[in-house]
Amino acid sequence: MDNYLDWLAQPHYFINLKDKKVLAVADFFKGYDNKPVYTFSEVKNGEVNLKGKEIQFMASDKGFASFVITVKDADGDSMSRIINFFVK
């Protein structure tokens with residue numbers, strides 16, 4: 001039960017296999033306005049890209065999927081967020 005509640009506490013989305021989910025990167029990092037640089041890590045069950053100011057995610061298989069996105073700005077401040085998916 002704790003794992004499920006942890007999953008729900010993070011940003012999460014339900015998508016269909018073969019569908020591309022597009023997210024606005026600014027929605028996850030309010031206040032990081034001074035030349036932000038975004039990186040992805042820990043990509044599980046999919047492929048993620050940054051196109052302009054949009055995060056584009058496409059799953060590889062049904063089940064759980066996720067990635068971590070990190071921002072670092074010119075002031076040296078940084079933050080990471082995990083984004084979860086359930087792929088139908």
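This passage describes the fold, surface and one residue of a predicted protein model. Local features require pLDDT of at least 70 and side-chain atom pairs pLDDT 80 or more, while totals for chains, interfaces and linings use all residues. Residues are numbered from 1 along each chain as its sequence is written, and side-chain values use heavy atoms, without hydrogens and water.

The protein chain holds 1 helix and 7 strands. Helices (H or I, at least four residues) and strands (E, at least two) are DSSP runs, numbered from the N terminus. Their order from the N terminus is α-β-β-β-β-β-β-β.

The C-alpha atoms fill a box of roughly 40 × 30 × 20 Å along the principal axes.

Of the 88 residues, 30% count as buried. Buried means under 20% relative accessible area, with a 1.4 Å probe and protein chains only.

Serine 66 lies in strand 6, which spans residues 63-72. Serine 66 counts as buried because its relative accessibility is 8%. Leaving aside residues up to four places away in sequence, serine 66 touches Glu42, Val43, Lys44, Ile82, Ile83, Asn84 and Phe85.

How values were computed:
Buried < 20%, exposed > 50% of the residue type's maximum accessible area, 1.4 Å probe, protein only. Contact = heavy atoms within 4.5 Å.
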